[in-house]
Amino acid sequence: MTGETDLKTLLASMTPDLLDGIHVFATLAPGAPHPEGLEPVMVFGEREGTTLIVTEAAARKAGLTVSFRCRMITLDIHSSLEAVGFLAAITARLAAAGMGVNPVSGFYHDHLFVPAGRAEEAMGLLRQLAADSGG
């Protein structure tokens, strides 16, 4: 299954799901091993180091230096990796409310990492965007 590409369908049909817990971003130096037992939500390698998104509790247990306390919102619609404008529309709506967001795309879904204290507000904005789009 390749996922949905139609922007109107994506926006109208998305159902945001706010996951429990606080997530954080951490980084490891180039070539540094992951702490034993750590199960990141995301791992991304850059030339400056490896970015990890992990739960705050796991980061603390592993002794990682962290930044950006956030909540994870999964957009429950199977979006195609080739869809055009989906995340742009979402991030523009959140930006209009003065909210930063760090989006991550997986094969099946898009995920948003929003400031921990503004997660419920983000959920409201996303639900309104879906409704405005015909959902």
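Let me start with the pocket lining, where strand β4 (49–55) and helix α2 (56–62) each supply at least two residues to the largest pocket, and where α2 gives the most, with three residues. Helices here are DSSP runs of H or I with at least four residues, strands are runs of E with at least two, and both are numbered from the N terminus. Please keep in mind that this is a predicted model, in which local features need pLDDT of at least 70 and side-chain atom pairs count only at pLDDT 80 or more, while totals for chains, interfaces and linings use all residues. Residues are numbered from 1 along each chain as its sequence is written, and side-chain values use heavy atoms, with hydrogens and water left out.

By a pocket I mean, on a 1 Å grid over the protein atoms alone, an open set of points where a 1.4 Å probe fits, with protein on both sides within 12 Å along at least five of seven lines, and its lining residues have an atom within 4 Å of a point. The largest pocket holds about 160 Å³ of space, a volume being the space filled by probe spheres set on the points, which are joined across faces, edges and corners. Its lining is made up of E36, G37, L38, E39, V41, V54, T55, A58, K61 and A62. Those residues divide into five nonpolar, two polar and three charged, where Ala, Val, Leu, Ile, Met, Phe, Trp, Tyr, Cys and Pro count as nonpolar, Asp, Glu, Lys and Arg as charged, and the others, Gly among them, as polar.

Let me turn to the aromatic rings. Rings of Phe, Tyr and Trp (for Trp, its six-membered ring) pair if their centres lie within 6.5 Å, and planes under 30 degrees apart count as stacked, over 60 as edge-to-face and the rest as tilted. By this rule the count comes to three aromatic pairs. In one of them, the ring centres of F25 and F113 are 5.9 Å apart and the planes stand at 85°, so this pair is edge-to-face. Because F25 belongs to strand β2 (residues 23–28) and F113 to strand β7 (residues 110–115), the pair ties together parts that are 88 residues apart in sequence. Ring pairs link F25, F68 and F113 into a cluster.

Are F25 and F113 buried or exposed? With buried meaning under 20% relative accessible area, exposed over 50% and partly exposed in between (1.4 Å probe, protein chains only), F25 counts as buried at 17%, and F113 counts as buried at 1%. F68, in strand β5, is partly exposed, with a relative accessible area of 30%.

The backbone of F68 also deserves a remark. Most residues other than glycine have a negative phi. F68, although it is not a glycine, has a positive phi of about 55°.

Staying with F25, and taking contact to mean heavy atoms within 4.5 Å, its partners beyond four places in sequence are T51, L52, I53, T65, V66, S67, F68, C70, N102 and F113.

Next come the nonpolar cores, each a set of buried Ala, Val, Leu, Ile, Met, Phe, Trp, Tyr and Cys residues joined through side-chain atoms within 4.5 Å. The largest has 21 residues, and those with the most contacts inside it are M14, I73, I90, L94, L112 and V114. Two or more of its residues come from each of α1 (7–13), β5 (66–75), α3 (86–96), β7 and α4 (119–132), and the largest share, seven residues, comes from α4. If we leave aside neighbours within four places in sequence, L94 is in contact with M99, V101, L112, V114, A122 and L125. Apart from this core lies another, of eight residues, among them A26, L52, A59 and L64.

Finally, consider L18 and M123. L18 lies in strand β1 (residues 16–18) and counts as buried at 17% relative accessibility. Not counting residues up to four places away in sequence, L18 touches R71, M72, I73, A119, E120 and M123. M123 and I73 are 50 residues apart in sequence, and their C-alpha atoms are 8.0 Å apart in space.
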